[in-house]
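Please view the sequence and model before reading on.

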Amino acid sequence: MATSPEPVRIALVCFPGVRAFDVSVITEVWGVDRTDRGVPPFDLRRTAAEPTPIALRGGLCLTPDRTLAWLARADLIVVPGLDDYVTPAPAPVLEALRRAHARATPIASLCGGAFTLAQAGLLDGRQAVTHWNLTDLLSTCHPQVKVTQDALFLHDDNIWTSAGTAAGIDLCLHLVRTTHGAETAATIARSMVTAPFRTGTQAQFIEHPTPRADRDADTLAAVRAHALAHLAEPHTVAGLAAHAGMSPRSFARHFQATTGTTPLRWLITQRIAAAQKLLERTDLPLPEVARRTGFGSEVTMRQHFATHLSTSPRDYRLAFHQGPSPARG
């Protein structure tokens, strides 16, 4: 009889002031049993300095089920955002996070949770992101942090930070994807009725669209759909711009304003995602995967996997292939 895999242990760090929305996101991603759909088992625990109920905004109440000592057993620690960004977190929480980082346990924060990590000194000299409306405050309160405004989430030295609200969903799904594969993340995303991943940065949300920009966005959505339907074909900015009826310069400018990224970066992200699915679901030889996803050659695909996923297509398949033993190629 096959042995069931050990559950992945996720620690949700709780203390007065954490945001109910972020707690819900973490619980939805890791606290729902989806093993009947091929998702690995997770053991999500609500950890706090004391086992007493914690009041959340909106009349909600969170009951911890483990003390902070459980962080020593966790495979991943997630810190929710905050209602009050400048009030210090409890000293036991900060000390527990420092010890966890010293043990090399991955730590992720959602939205304003970056302030908690900064208070613990874990972001000193490291890149971090938070909600675009809080970046100046984070820089002022913690000048030793390298705060950026143009990312949905960032990774620096085993620590993850994310931008506001929905970007927390992006980060949680990304952490699932990098650990358990794109198909597992997609299964959870479908259950949540959300996109498995979004491209671009939060810069796209800082600007306020005009009616003209909305019409451009509709046009660009059609271009993106066309590119995805013909992913195996070579695409250039000039070719995509022609499909949109724009000049290449105007197309590139509107594309970045709408998606937060350049057309070619967006295209590479889509090719990588498509290749991940083929590597997980099929036994196609690597050159054929590269051809179908538009990389052209296995060498080019391998270079992009190394840059964006820090692994090779072959190693990715060995880790996440869900069918019979993959064909060599």
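What covers the buried residues of α14? The cover includes α5 (166-180), α6 (182-192), α11, α12 (286-292) and α13 (298-309). The model is predicted: local features need pLDDT of at least 70, side-chain atom pairs count only at pLDDT 80 or more, and totals for chains, interfaces and linings use all residues. Residues are numbered from 1 along each chain as its sequence is written, and side-chain values use heavy atoms, without hydrogens and water. Helices (H or I, at least four residues) and strands (E, at least two) are DSSP runs, numbered from the N terminus.

**Helices**
- In α14 (residues 313-320), Pro 313, Tyr 316, Arg 317 and Phe 320 are buried (under 20% relative accessible area, 1.4 Å probe, protein chains only; exposed is over 50%, partly exposed in between).
- Leu 318 and Ala 319 are exposed on the face of α14 turned away from its buried side.
- Among the buried residues of α11 are Trp 266, Arg 271 and Glu 280.

**Sheet**
- An open sheet of 7 strands has the order β5-β2-β1-β6-β7-β11-β10, with mixed pairing (two strands pair if DSSP finds at least two bridges between them).
- β7 (residues 107-109) and β11 (residues 159-162) run parallel, joined by 3 bridges; Ala 108 has Trp 160 in β11 as its bridge partner.

**Loop**
- Pro 143 sits in the loop between α4 (135-141) and β9 (146-148).
- Pro 143 counts as exposed because its relative accessibility is 64%.

Terms used: Contact means heavy atoms within 4.5 Å.
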